[in-house]
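Subject: Structure handover

Hello,

Please find the structure below. My notes on it come after.

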Amino acid sequence: MRMNKFYMPTLREDPQDAEIASHKLLLRAGMIRKTAAGLYSYLPLGYRIVRKVENIVREEMDNYGSQEIHMPVTQPREIWEESGRWKTFGPEMFKLKDRNNREFCLGPTAEEYFTDLVKGEIKSYKQLPLNIYQIQTKYRDEKRPRFGINRSREFLMEDSYTFDVDEEAMREAYMNMWRAYEVVFNRLGLEYKIVAGDSGAMGGNSSHEFIALSDVGEGVICYSDDSDFAATDEKAYVYYQVNDENLEKLPSEKVLTPNCKTIEEVSDFLNVDAAHCLKAVDLMVEGKPVIVFIPGDRELNMSKLVSYLKCPEHEIEMMEEKDILALNSSPGFTGPIGLDSRIIIDSRVTQMKNFVVGANEENYHIKNVNYGDDFEGEIVEDLLMVQEGDIDPETKSPLKFKRGIEVGNI
């Protein structure tokens, strides 16, 4: 086709709502056009690229023994109810009803569909192993669609599903897909890392993510140059040492701390290191109060908490002031002593001595508090978010951090 006939409407200026270079260039080069937030049309040039990538993926899936099928986008509620994910997948799922008032969703993923198909067809172990895949549009009602097609509400995804006779065969299939994905991303020329990830709403107890390194990536990975350790910041175990063994326990004391609601304010006012101030995270979990306590110099890792609570993340929200007052506490001064709520603590709190907690009374804290003597709670091994300065638990070498975009997951 002659270029003067080719539909490629380019732009002279950067669109105002385009934040990152890739989004600006895709729009200016006439490859995509925005329809609505998180929804894009691929124009001829952009769609040619999509098809080329799709063909590379298809070739390697076929080479590694997977068979392509094509399933409907619209999925009935019944199969999602059977798996228990109609509720747990949350508000990201597009839901609709047909003219007979039967409920459906626009598929955000297809585990239910594939399993429902196979369970009615497989009659003998001799038909296994089975590896089938599709390249199909997926729909997720992203809360904050952004960065162009990087986080959109409609996107093309290759998803494959394997069925095996036992766990050993399942693990072999897992590694087979691992190798297939490596070949795909190598052919695409991506700079990527494979890291331990959080399974989240997808389920399962093991997950690895293929992360293409990018300064504008929303995900953060941490890794060590001295070992094979590599994980997302949501998954990484935090090696956090408390060196209070030689401290002598002191009697607790209620102290006035006027207008000191944050860890920084309390730390400065009492001249106590932030690590020895207990941070309270006031949450409502499925409508019930839960208070999480962690060392004051760290941040709560919500993914680890969700994994422990075994409830959907969308069922967890921050407490409002009225919820805190209903516990006979005070906003900004929540503490574990005498608190009428479920209490969850990071295990490092049990190793600390003489730390500061909120007194559940406005303008007051309690210092020289010790776990076991003054309060108790549910102990979780690790609830902390990894951060700069943390070390590899195996080699004790400093972790490195990079941003990236998840391009594959097994």
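The notes run from the whole chain to single elements and residues.

This is a predicted model, in which local features need pLDDT of at least 70 and side-chain atom pairs count only at pLDDT 80 or more, while totals for chains, interfaces and linings use all residues. Residues are numbered from 1 along each chain as its sequence is written, and side-chain values use heavy atoms, with hydrogens and water left out.

**Whole chain**

The protein chain has 9 helices and 21 strands; these are DSSP runs numbered from the N terminus, with helices being H or I of at least four residues and strands E of at least two. Its C-alpha trace spans about 80 × 60 × 55 Å along the principal axes. Of the 410 residues, 44% count as buried. Here buried means under 20% relative accessible area, exposed means over 50%, and partly exposed is in between (1.4 Å probe, protein chains only).

The accessible surface of the chain comes to about 22600 Å², and 48% of that belongs to carbon and sulfur atoms. These areas come from the Shrake-Rupley method with a 1.4 Å probe; for residues, only the protein chains shown count as cover. Among contacts with a separation of 6 or more, 65% are between residues 24 or more positions apart, a contact being heavy atoms within 4.5 Å.

The chain carries 50 positive and 73 negative charges, and their mean positions are 8 Å apart. Lys and Arg count as positive and Asp and Glu as negative, with His and the chain ends not counted. Each charge is placed at NZ of Lys, CZ of Arg, CG of Asp or CD of Glu.

Strands β1 (residues 32–36) and β2 (residues 39–42) run antiparallel and are joined by 4 bridges; two strands pair if DSSP finds at least two bridges between them. I32 has Y42 of β2 as its bridge partner. The two strands form a hairpin with 2 residues between them, and G38 in the turn has a positive phi of about 80°.

Q134 is in strand β7 (residues 130–139). Q134 counts as buried because its relative accessible area is 2%. A polar atom of the Q134 side chain lies 3.1 Å from the backbone nitrogen of M71. That is a polar contact: a pair of N or O atoms within 3.5 Å, where within protein one must be able to donate a hydrogen and the other to accept it, and residues adjacent in sequence count only if both atoms are side-chain atoms. Beyond its neighbours within four places in sequence, Q134 is in contact with I69, H70, M71, A110, F114, M157, E158 and D159.

The loop between α5 (111–119) and β7 holds P129, and the peptide bond from L128 to P129 is cis, with omega near 5°. Most residues other than glycine have a negative phi, and most peptide bonds are trans.

**Helix α8**

Helix α8 (residues 302–309) has S303, K304, L305, V306 and L309 as its buried residues. Their cover includes β14 (278–285), β15 (288–295), β16 (316–318) and β17 (342–346). At the start of α8, a side-chain oxygen of N301 comes within 3.0 Å of the backbone nitrogen of S303. Just after the helix, K310 has a positive phi of about 55°.

E253 is in strand β13 (residues 253–256) and is partly exposed, at 39% relative accessibility. Apart from residues up to four places away in sequence, E253 touches H365, I366 and K367.

N259 counts as exposed because its relative accessibility is 62%. N363 is another non-glycine residue with a positive phi, near 70°; N363 lies in the loop between β18 (355–358) and β19 (364–369).

A274 lies in the loop between α7 and β14 and is partly exposed, with a relative accessible area of 22%. Leaving aside neighbours within four places in sequence, A274 is in contact with I263, S267, G296 and D297. A274 and P295 are 21 residues apart in sequence and 7.8 Å apart from C-alpha to C-alpha.

Regards
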